[in-house]
Amino acid sequence: MIFLNRDQINDLISMEEAIRAMGTAFAQLSNGEAVVPPRLSLDIPDKNATSLVMPAYATGSPYYTVKIVSVNYSNPDKGLPLIHGVVQVFDAENGKHIANLDGASITAIRTGAASGLATDLLAKENANVCAVFGTGVQAASHIEAVLEVRPIEKIMVFSRSKPSAEKFCSTLANQVECVIGEKESLLEADIVCTTTPAQSPLFETDEIKPGCHLNVVGSHQPSFREVPTGLVARSKIIVDNREACEQEAGDLIIPVQEGSWSFEQVHGELGQVVSGDIIARESENEITLFKSVGNAIQDHAMAHLIMEKLN
């Protein structure tokens, strides 16, 4: 049995490798090679928490995986990680349980890497200002991924807590200019990453400039959202998985409920962009928005990458 903790996984996998793995994963998801049942969600209302069980397999892989995650929404206020989890790896040939991998680190890397992939495919080539909402593990992973694919010169950090924003900026001091974002400065952003558990929009539609690309990943509940209806209506929407977003993506479900948008307006899935089946950005001024609720094939791809490195 193999056991890998967060530090071991972070040392083993680079963001560049993770972004490439996400390209494979999303292509498999869109072309039917991924076997991903709907994830089981267990709400724990009296603890302000949710547990998710997410199995996945890709045709021809030597492994299948099951990720079990706990999301405790009160944890950040207690100084604890928002997410705990484990990715269990099984031999697809005989069913033997062969590895336990730290789920929080895999979730952080693969989610940031997915947005890095989306940014590489959808953002303008000369995008150099990035805004991030949130200061947690996902925010850090997103910045790492965006820096990997675009010549970022300035990061703007938006947070409810000024000390948290200052601390986050200090971690980037030797890499890139980092400032605390102000409401009026959001219009500077060429790329926006939202990585919060917000229940209502973080900004207004007119605060996003033409040509901006957004990675919207924090919300995965039908009643939660980080972006306003008007922005969804103005944007070219790319999703990680259409079916999952129809069930879980409040950022899109709420505009549908309001009668202002329809899932028929989804431009396509990220895997279709990877495979060249659909064109991504078609003009300098269009707003592109990647909405992800997370998919177990991403965890499978990360586990496959890790296991291949170990063998």
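## Lysine 124 and its contacts

Leave out the neighbours up to four places away in sequence, and lysine 124 is in contact (heavy atoms within 4.5 Å) with Arg150, Gly211, Arg281 and Glu284. Lysine 124 sits in the loop that runs between α3 (103-122) and β8 (129-133). Helices here are DSSP runs of H or I with at least four residues, strands are runs of E with at least two, and both are numbered from the N terminus. With a relative accessibility of 15%, lysine 124 counts as buried. Buried means under 20% relative accessible area, exposed means over 50%, and partly exposed is in between, with a 1.4 Å probe and protein chains only. Glutamate 207 is 83 residues from lysine 124 along the chain, and their C-alpha atoms are 18 Å apart.

A word on the model: it is predicted, so local features need pLDDT of at least 70 and side-chain atom pairs count only at pLDDT 80 or more, while totals for chains, interfaces and linings use all residues. Residues are numbered from 1 along each chain as its sequence is written, and side-chain values use heavy atoms, with hydrogens and water left out.

## The chain as a whole

The protein chain has 10 helices and 15 strands. Its radius of gyration is 18 Å, close to the 19 Å from the globule rule for 311 residues, so the chain is as compact as a globular protein of that length. That radius is taken over C-alpha atoms, and the rule is 2.2 Å times the number of residues to the power 0.38. Along the principal axes, the C-alpha atoms fill a box of roughly 55 × 40 × 40 Å.

Buried residues account for 55% of the 311. Of the contacts between residues at least 6 apart in sequence, 68% join residues at least 24 apart. The chain exposes about 13,600 Å², with 49% of that coming from carbon and sulfur atoms; the areas are Shrake-Rupley values with a 1.4 Å probe.

Helix α10 covers residues 296-310, and at 1.5 Å a residue its 15 residues should span 21 Å; the end C-alpha atoms are 21 Å apart, which agrees. The expected span is 1.5 Å times one less than the number of residues. The helix is mostly covered, with 11 of its 15 residues buried, among them His300, Ala303 and Leu305.

Aspartate 299 belongs to α10 and, at 1% relative accessibility, counts as buried. Beyond residues up to four places away in sequence, aspartate 299 touches Met54, Lys67, Val87, Ile106, Thr107 and Arg110.

## Threonine 65 in β5

Over in strand β5 (residues 63-72) you'll find threonine 65, which counts as buried at 2% relative accessibility. Setting aside neighbours within four places in sequence, threonine 65 is in contact with Met54, Pro55, Ala56, Val87, Gln88, Val89, His300 and Ala303. Two of those names come up again in α10: His300 and Ala303 are on that helix's buried list.

## Leucine 231 in α6

Leucine 231 lies in helix α6 (residues 229-234) and, at 0% relative accessibility, counts as buried. Not counting residues up to four places away in sequence, leucine 231 touches Phe203, Thr205, Ile208, Leu214, Ile287 and Leu289. Glutamate 207 turns up here too: 24 residues from leucine 231 in sequence, and 9.5 Å away in space, C-alpha to C-alpha.
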